[in-house]
Amino acid sequence: MKRKSSPSILVAIDGSEYSDKAFEYACQLSAMKNIPLIIINVVEEYATIGQSLLRELKKSSKKMLLEYKNRADSVQVTVAGTICSVGNAAEEILKITNEKNIDTLVIGKKGKYGTTKDMLGGTSYKLLHFSECTVTVVK
């Protein structure tokens, strides 16, 4: 059985329109329930990516996380932390939700690279079906 820790909300961001909406929703939920927010961005790692490019992507991710943290701070939302992870987005987010015993995961219906004809992005679909916590998909 899982060890229960303090409640927390994890929001996944990638800079897309839908992740912005998910972030706004997560901030509202966090403020309303007085539950701290954790913000995650996953840098997708591909076999062909070079180390210098990966370094730049991590740097960009950390900058984005800081910008989102500052946005949360500006509306008096408690941010318990930011996470820059590298790997497959769905796998990394699932790993963090389990490691940190997340109560609620908030995600956009599709990410930066989803097509307009997709009803639900691939990462969102996997998280919705395989996560052990409550998942809120924002559209």
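Student: Is Asn 34 buried or exposed?

Tutor: Asn 34 is exposed, with a relative accessible area of 68%. Buried means under 20% relative accessible area, exposed over 50%, and partly exposed in between, with a 1.4 Å probe and protein chains only. Before going on: this is a predicted model, where local features need pLDDT of at least 70, side-chain atom pairs count only at pLDDT 80 or more, and totals for chains, interfaces and linings use all residues. Residues are numbered from 1 along each chain as its sequence is written, and side-chain values use heavy atoms, with hydrogens and water left out.

Student: Where does Asn 34 sit?

Tutor: Asn 34 is in the loop between α1 and β2 (37-43). Helices (H or I, at least four residues) and strands (E, at least two) are DSSP runs, numbered from the N terminus. The C-alpha of Asn 34 is 9.5 Å from that of Pro 7, and the two residues are 27 residues apart along the chain.

Student: What about Ser 8, buried or exposed?

Tutor: Ser 8 is buried, at a relative accessible area of 8%. Ser 8 belongs to the segment before β1 (9-12).

Student: What is Ser 8 in contact with?

Tutor: Leaving aside neighbours within four places in sequence, Ser 8 is in contact with Ile 35, Pro 36, Ile 38, Lys 100, Asn 101, Ile 102, Asp 103 and Thr 104. Contact means heavy atoms within 4.5 Å.

Student: Asn 101 is on that list. What is its phi?

Tutor: Phi of Asn 101 is near 50°, a positive value in a residue other than glycine. Most residues other than glycine have a negative phi. Asn 101 lies in the loop between α3 and β4 (104-108) and is buried, with a relative accessible area of 7%.

Student: And what is phi for Gln 76?

Tutor: Phi of Gln 76 is near 60°, again a positive value in a residue other than glycine. Gln 76 is in the loop between α2 and β3 (79-86). Gln 76 is exposed, with a relative accessible area of 66%, whereas Asn 101 is buried.

Student: Zooming out, how many helices and strands are there?

Tutor: The protein chain has 4 helices and 5 strands. Along the sequence they follow the pattern β-α-β-α-β-α-β-α-β. Of the 139 residues, 42% count as buried.

Student: On to the helices. How do α1 and α2 pack?

Tutor: Two packed helices are described by the angle between their axes and the distance between the axes. For α1 and α2 the angle is about 35° and the axes are 11 Å apart. Axes are lines fitted to C-alpha atoms, for helices over the stretch in contact, and angles run from 0 to 180 degrees between N-to-C directions.

Student: Which residues make the contact?

Tutor: From α1 they are Ser 19, Asp 20, Phe 23, Glu 24 and Cys 27, and from α2 they are Tyr 68, Arg 71 and Ala 72. By class, the residues of this contact are 4 nonpolar, 1 polar and 3 charged. Ala, Val, Leu, Ile, Met, Phe, Trp, Tyr, Cys and Pro count as nonpolar, Asp, Glu, Lys and Arg as charged, and the others, Gly among them, as polar.

Student: How many aromatic pairs are there?

Tutor: A search of the whole structure finds 1 aromatic pair. The ring centres of Phe 23 and Tyr 68 are 4.8 Å apart and their planes are at 85°, so the pair is edge-to-face. Rings of Phe, Tyr and Trp (its six-membered ring) pair if their centres lie within 6.5 Å; planes under 30 degrees apart count as stacked, over 60 as edge-to-face and the rest as tilted. Phe 23 lies in α1 (residues 17-33) and Tyr 68 in α2 (residues 51-74), so the pair ties together parts that are 45 residues apart in sequence. Both Phe 23 and Tyr 68 are buried.

Student: What about α3 and α4, at what angle do they cross?

Tutor: Helix α3 (residues 89-99) and α4 cross at roughly 35°, and their axes come within 9 Å. The contact is made by Ala 89, Ala 90, Ile 93 and Leu 94 of α3 and Thr 123, Lys 126, Leu 127 and Phe 130 of α4. This contact has 6 nonpolar, 1 polar and 1 charged residues.
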